[in-house]
There are 4 protein chains.
Amino acid sequence: MINVTVWNECRRQLDNPAVTGFYPQGIHQAVIDGIAAADLHLTAALLDDAECGLPQDLLNQTDVLVWWGHIAHHEVPDELVYRIRDRVWNGMGLVVLHSGHYSKIFQLLNGTSCRLHWREANEKERIWCIDPTHPVAEGLPETFTLKHEETYGEPFMIAPDGHTVFQSWFKGGETFRSGVALQRENGRIFYFQPGHESCPSLLDENVLKIIGNAVRWCAGSSKKPYPEMCIPKAFENDGV
Amino acid sequence: MINVTVWNECRRQLDNPAVTGFYPQGIHQAVIDGIAAADLHLTAALLDDAECGLPQDLLNQTDVLVWWGHIAHHEVPDELVYRIRDRVWNGMGLVVLHSGHYSKIFQLLNGTSCRLHWREANEKERIWCIDPTHPVAEGLPETFTLKHEETYGEPFMIAPDGHTVFQSWFKGGETFRSGVALQRENGRIFYFQPGHESCPSLLDENVLKIIGNAVRWCAGSSKKPYPEMCIPKAFENDGV
Amino acid sequence: MINVTVWNECRRQLDNPAVTGFYPQGIHQAVIDGIAAADLHLTAALLDDAECGLPQDLLNQTDVLVWWGHIAHHEVPDELVYRIRDRVWNGMGLVVLHSGHYSKIFQLLNGTSCRLHWREANEKERIWCIDPTHPVAEGLPETFTLKHEETYGEPFMIAPDGHTVFQSWFKGGETFRSGVALQRENGRIFYFQPGHESCPSLLDENVLKIIGNAVRWCAGSSKKPYPEMCIPKAFENDGV
Amino acid sequence: MINVTVWNECRRQLDNPAVTGFYPQGIHQAVIDGIAAADLHLTAALLDDAECGLPQDLLNQTDVLVWWGHIAHHEVPDELVYRIRDRVWNGMGLVVLHSGHYSKIFQLLNGTSCRLHWREANEKERIWCIDPTHPVAEGLPETFTLKHEETYGEPFMIAPDGHTVFQSWFKGGETFRSGVALQRENGRIFYFQPGHESCPSLLDENVLKIIGNAVRWCAGSSKKPYPEMCIPKAFENDGV
């Protein structure tokens with residue numbers, strides 16, 4: 001059983017017809033409903049909940065954290081972000097969706113700003129799987145489309161060791177590394193581009209399959225603690 | 001002319017005979033004297049200087065920042081660390097020495113804790129160049145030794161895209177990726193292991209040549225600003 | 001002075017109006033004319049020349065080899081391909097254009113088949129620079145277009161350490177890693193996608209600037225020979 | 001059930017007391033006996049068998065090929081090596097032991113010579129796990145030793161995307177990336193350094209556990225065939 005916590009800033013969502021048309025109970029609930037399965041224990045966590053939705057107890061029990069944020073990145077306290085980072089280092093998985101690319105936690109794990117080009121124009125997005133051998137690509141077609149998404153474009157300022165699994169084409173002329181796998185210490189991280197609040201991508205069967213795959217792949221990380229850092233005695237007895 | 005700022009926490013150095021025996025004017029001065037050259041304009045900056053030694057003006061003028069810290073990492077304010085990170089993203093080089101592996105800025109750029117094994121035992125270190133094609137290896141022998149250094153050992157929890165240029169053997173049985181090149185956005189970063197405060201490594205000819213090479217390699221990074229992020233109009237006129 | 005040898009299979013080119021309309025003296029001559037500069041000494045070499053155009057003497061004097069092939073990959077003898085590989089290992093640069101992706105030498109250096117999707121449909125290609133810090137991107141705009149090119153699409157089965165500098169969008173829906181830097185031993189390799197025989201891409205100013213940049217970047221590789229492999233005596237005198 | 005074929009050149013082994021003391025029935029048999037388990041179906045294949053031990057039928061049925069060669073690399077025909085490469089591209093795993101680093105197949109998959117330093121001096125080797133999160137490291141201690149091995153040293157001229165899982169220290173002063181994971185198309189490859197013919201490493205419990213882990217990790221690769229390369233009709237109907 002994988003404990004998945006779906007975090008959503010949930011600002012301008014429940015009172016915004018452009019969002020509620022697709023996500024009447026918020027983006028978190030759409031993700032929870034969309035990936036529900038026997039092996040996943042799913043919990044919602046919102047920015048306006050106590051302790052920003054992520055008390056240490058919940059973090060400690062979370063195997064994989066799914067992250068959706070957009071206009072309130074700066075409201076997540078640094079102190080919490082560092083505690084999330086610690087959990088990732090110790091093996092908690094992290095799935096970052098759409099505008100979460102600009103969250104503090106994703107920046108912190110990349111070591112970069114994660115800047116990109118963007119345009120809100122409801123353009124068609126065509127997603128290609130460029131590494132069909134990756135577990136997150138399991139069961140997906142070679143290419144599929146979303147009728148309307150926010151356009152994201154290169155250069156995407158992520159860490160160079162991000163491994164591209166999906167790459168997108170947008171009708172307006174952009175191309176983007178839209179599905180990227182990363183590892184930091186024990187923790188596996190997957191970024192996936194679709195999920196704009198006023199587009200129905202998080203109801204799309206292929207998108208949901210990718211998020212579910214990402215959750216399971218991230219859950220498989222190592223939990224081994226780092227051993228004692230100081231080794232006071234040399235292994236080789238003529239060491240000195 | 002490359003503007004190099006050599007930052008040193010300079011705690012327990014000038015009043016500690018174990019250190020002043022080798023570095024009577026502090027580690028920063030040893031580095032400045034050791035790499036002095038016609039193409040380098042070298043400035044010292046200390047933690048106890050105003051604004052922790054790094055007012056924004058100086059940061060803005062710095063092409064490459066050399067960093068030595070050990071017991072006072074936590075005294076460097078987060079706010080300053082984020083400003084250094086911004087400068088790296090915009091093309092400032094960063095050369096991190098020895099115990100600087102555990103500085104906030106190096107952790108932030110790796111996205112990892114940079115933990116490692118260690119032992120203070122004055123063991124012999126043998127350094128191997130494992131990528132002789134890298135500019136930082138220019139003019140160095142294939143292998144050289146330091147009679148006494150602090151032992152560092154794997155696993156070294158850095159970002160997986162760190163490119164190993166030097167790899168070390170320690171008499172007590174450890175092996176360590178001791179010279180590692182990294183890039184984050186525009187900025188080039190080089191980590192180099194030797195430089196314990198009570199060992200004379202920063203007076204060693206080969207160590208100083210590597211630091212000088214690293215400074216020049218880091219100085220060669222791109223300074224191009226990221227273009228306007230929002231592209232309101234589609235390039236392809238049938239984009240919508 | 002960089003010695004550049006531009007190799008072209010030159011089959012079905014000089015007698016084919018679809019090609020001679022753009023390249024009356026063959027693709028090799030277009031490249032030579034297009035990148036001509038004071039620092040480049042340019043020589044043509046053709047498959048039907050003696051020793052397939054690449055006698056060992058010429059190979060030994062070549063700093064950077066530019067490669068264009070398409071329908072005659074199998075006519076390049078394995079023995080020659082291995083000699084080219086040796087030269088790359090020893091520091092000769094290699095710039096592979098367009099359908100050269102399927103040449104024996106590019107496959108050999110990747111360790112992969114370099115398969116891809118393709119379509120001859122004279123579609124518009126839009127090229128994005130996704131790593132503006134790379135020397136091959138110097139002086140190029142963020143994005144530019146080619147009115148007609150052969151469409152290439154992902155998955156592109158190259159080695160995972162290929163570093164993507166340019167990424168392309170094709171009007172028909174494909175996206176492709178179209179400019180990729182690679183290193184094998186001392187040798188630097190750059191692959192660039194445009195250059196179909198019946199499209200005028202090799203007359204395009206931006207394409208030619210990229211090829212010229214790639215030639216100069218590849219020329220900067222190390223020429224250090226590998227040292228003696230056997231080290232009969234242990235460095236550490238208590239080694240046995 | 002994983003079909004594992006253990007290939008051994010088996011020259012100067014069965015008639016050489018320095019080898020038969022440890023491996024009376026050859027190195028292949030020691031590996032087969034050492035990793036025998038309920039989930040592995042193990043078959044020996046020798047260079048002097050018909051078709052060099054690897055008729056196409058057997059290759060096609062092999063999930064993971066284990067490779068030990070040393071003095072007869074050149075006797076393996078290129079044609080066979082290319083057939084093995086095809087199988088790797090299509091998802092067959094490959095575990096390369098010790099002097100197999102210099103085999104044609106390992107060179108072909110790296111795109112490099114795989115040169116290294118070496119010394120036959122029966123020195124002590126200490127192996128460190130530097131990525132404890134990798135499946136091949138499962139169940140292994142952080143470090144372990146082999147009393148006598150052939151010394152291998154850096155620089156090891158492999159492809160830069162080789163992911164180091166184990167790193168070795170040798171008493172004579174060398175350090176070496178001794179356990180390296182690689183992927184080429186569908187196929188996973190693992191190189192492991194111990195296994196000199198006159199040393200008992202292939203009887204060592206930790207070495208055998210690593211080889212068994214490597215076999216199982218390599219067996220888990222994707223078997224998806226590359227789809228049709230030509231896409232004659234544009235996906236986007238206004239593509240032309």
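In this predicted model, L54(D) is in contact (heavy atoms within 4.5 Å) with T5(D), W7(D), A45(D), L59(D), L65(D), W67(D), L80(D), R83(D) and I84(D), leaving aside residues up to four places away in sequence. Local features need pLDDT of at least 70, side-chain atom pairs count only at pLDDT 80 or more, and totals for chains, interfaces and linings use all residues. Residues are numbered from 1 along each chain as its sequence is written, chains are lettered from A in the order in which they are written, and side-chain values use heavy atoms, without hydrogens and water.

L54(D) is also one of the residues, with L54(C) and I84(C), that touch the most other members of the largest nonpolar core, which has 70 residues. Such a core is a set of buried (under 20% relative accessible area, 1.4 Å probe, protein chains only) Ala, Val, Leu, Ile, Met, Phe, Trp, Tyr and Cys residues joined through side-chain atoms within 4.5 Å. The most to this core comes from helix α4 of chain D (residues 78–89), with 6 residues; a helix is a DSSP run of H or I, at least four residues, numbered from the N terminus. Another core, of 68 residues, lies apart from it and includes A45(A), F170(A), L182(A) and V76(B).

Chain A superposes on chain D by a rotation of 180° with 0.0 Å of shift along the axis, at RMSD 0.0 Å, by least squares on the C-alpha atoms of residues with pLDDT of at least 70 in both. The two copies are thus related as by a two-fold rotation axis. In chain A, D161(A) has the C-alpha nearest the axis, 5.2 Å from it. Of the interface residues of chain A, 100% are also interface residues in chain D, so the copies meet through the same surface.

Notes
Buried < 20%, exposed > 50% of the residue type's maximum accessible area, 1.4 Å probe, protein only. Helix = DSSP H or I, 4+ residues; strand = E, 2+ residues; numbered from the N terminus.
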